[in-house]
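Dear colleague,

Please read the notes with the structure open beside you.

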Amino acid sequence: MKHLLSGNEAVARGAWEAGVEIAAAYPGTPSTEIMANVATYDEIYAEWSVNEKVAFEVAYGAAIGGRRALAAMKHVGVNVAADALMTSSYIGTNAGFVLAVADDPGMHSSQNEQDTRIYARFAQVPLLEPGSSQEAKDMVVQAFEISEQFDTPVILRLSTRICHGKGVVEFKDRVVPAQKAYRKDAKKYVMVPAHARGRHVQVRERTNALLEYSESSPLNVVTKCDSQVGVITSGVSYTYAREVFPQASFFKLGVSHPLPIATLTEFAKQHKTVYVIEELEPVIEDELKKQGIEVIGKNKLPCTGEYSPELLRQNLLGAQPTEPESGLPGRPPVMCAGCPHRAVFSVLKSMNAVVSGDIGCYTLSTLPPLNTMDTCLCMGASVGLAQGLVRSLPQRKAKKTVSVLGDSTFIHSGIPSLANAVYNQANITLIILDNRITAMTGHQDNPGTGKTLKGKTVPEFNFEAVARVMGAGFVRSIDPIDKDLTHETIQSAMEFDGPAVVVAKRPCVLVDRQQFEGHMQIDPELCTECKRCLQIGCPSISIHDGKVVIDDSMCFGCSVCQQICPSDAIRRVK
C-alpha cells in the first residue's frame, strides 16, 4: 500500500522501519515535524531535548548503549551540536546512529544558509542525500546499515523542499535488530589525547573504506541517455534538473560524502557538456575541477538561495524570466494580534532601550513600526551580546541595554550566559519572554510547559527560582499585558546594580485563544485620529476610508491598544 508523506514524515517512518528505539531533537523549521511524527510511534522513545547538542548526546548515548538511535535538527542546530559531532566521528558507534539535518536554502525561516555537506567532510562522516519522500524513508534505513557496517555516525541531509514537499511512499515492515551488547572499551569511548590519536588514524582508514563503498553504492544512480549532455546533481536539485534537461544523462548522487570521484570523473568524460547542479556550496564542482574536469556550475548558477526549474532555465538555457503575477499586495511579516510580546517591545521602544534580541517570533519586533531590536545573532546569544554591549556603550546607553529571549531559548543556551553575567557582574537586564510554549516552530512543549513530547506531565521549569539560585539579585515576574507595570519593572531592573531578570509571563494567544474577554473597538466620536495605536503594529488595526478601525474578527482583546490611546477612545466589547 502506498501513502502520501512529506519528507519529514517519511524520515520518521524510516526510523520506525529501521528499528530505531530512541530519538531526540530540538525543534527548528524545516526539521520540526521529523520528531513530531517519530513521537507517534509507540515503539520509539522520543523527546524534545533542551538544545541540539543535548539531543545529539541523548541519541548518541543510546546508540553506544546498543540500540539504534536518531537525532534531528535544522542546519544551524548542527553548530550547537558540532562539538559532540566532531568527536563522535572518532569514537564511532555501537548500534546505528543517524543525524537527520534539514538545510534551508533561501532562508525561509533561518538566520543563515549553511551547507551540511561541508560539515560531513569536516567531521569525516558519510552523508546521504535523498531527493524524494520515498528516498528519505529508504535512506534512513540504509543510513543505519552504513553506520553499523563502518562504525560511524551518518548524516542524512534534507532541505526545505524535501522536508515539506509530499510524495508517494511505499511502506515496509519494522525490523528491530537485536540489541548490541555494550562492552567497556576506554580506548574507543574515552577520547583522551592518547586514545584520540589512535582513533584518528582509524577515521582516516574508515574514510578510505567509505570512499570505496561510495564508488559502487546503489545509492548513486546513473541514467544514461544523451551522450552530449550529462548532469551531476543530488537532493531536490535532481527533480528540478530532470524537468529542465529531459533528454540528458544523469548522475544522481545519494552518497554526497565521500564523493565517488572516480566514477563521477568517468561519467563526466563520457559527455561533451557537463552540468553540476547543487544548491548552496560548489562541493561536487570543486572536487571535479581538482580532477581537471570542466563543468558548468557556479559560473552560471548562484551559491545563494533555493533553486527552481525556472532559475535553471534562465541561468543555463537563457530563457526569459516569467513575469510575476501582479495585483496582490505585499504582506510583511508581523507579530500576531494579541501577542503578549508586543506590549514588552512597545515599552522598550518608549524607553529608547538598546535591545539585544534572540531567535523567536519576537525577532519580528525589529520590523516597522516597532523597530526595537538592535542585534540578533543566534540562539541564546542575546545574553552574551548584551554583556559586551554594556561594557562598550556609553554609560547612558549601557544602563538601557536589555537582553530579550524566549522561554525555550533561555533553557536552550541562555542559562550559561546568565551564569557568566552573574559571575562577572555585568549590569544587564534580561527579559525572559515566557509565553508558555515554543511558539515559533509550531507550539512544541519545553521544560517550561511541564509536558513532554509524549504528553507526560512533569514538573515545570521555574524560571524565577533558577535566576535567583544562579545569583541574579533582581528577579521579578510580570504580566506583560499590563503596560504600566511592565514599564515600571523594567525601569527598576535597569536601575539595579548587577544582573537583573524580568520574567514576562503570558501564554501565546494562539495556544490560549480565550484568555481575554471580547474584543476591542474604537469609538469614532472620541478618536482624534492620532494613529498612536497603529504604532504597536497589531495586524487587527488598520485604516479604512481614512479612519482607524479594529477588525473584530482578528482582535483577541489583549487591550494593549487601549492602554496607549491618549483619548480613551478604545474600549472592550464583550
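Predicted model: local features only at pLDDT ≥ 70, side-chain atom pairs only at ≥ 80, totals over all residues.

A residue is called buried when its relative accessible area is under 20%, exposed when that area is over 50%, and partly exposed in between.

Arginine 571 forms a salt bridge with aspartate 523, and the closest N and O atoms of the two are 3.6 Å apart. Aspartate 523 sits in the loop between β20 (519–522) and β21 (541–544), whereas arginine 571 belongs to strand β23 (residues 570–573), so this pair ties together parts that are 48 residues apart in sequence. Aspartate 523 itself is buried, at a relative accessible area of 19%.

Two further salt bridges lie within helices. In helix α1 (residues 7–17), glutamate 17 and arginine 13 are four residues apart, which places about one helical turn between them, and their closest N and O atoms are 2.9 Å apart. Glutamate 17 is buried at 4% relative accessible area, and arginine 13 is likewise buried at 11%. In helix α12 (residues 283–290), glutamate 287 and lysine 290 are three residues apart, again about one helical turn; their closest N and O atoms are 3.1 Å apart, and lysine 290 is exposed, with 61% relative accessibility.

Over the whole structure, the search finds 27 salt bridges, and Asp103, Asp115, Arg117, Glu129, Arg157 and Glu278 are linked by such bridges in a network.

Methods. Residues numbered from 1 in each chain as written. Heavy atoms only, no water. Salt bridge = Lys/Arg side-chain N within 4 Å of Asp/Glu carboxyl O. Helix = DSSP H or I, 4+ residues; strand = E, 2+ residues; numbered from the N terminus. Buried < 20%, exposed > 50% of the residue type's maximum accessible area, 1.4 Å probe, protein only.
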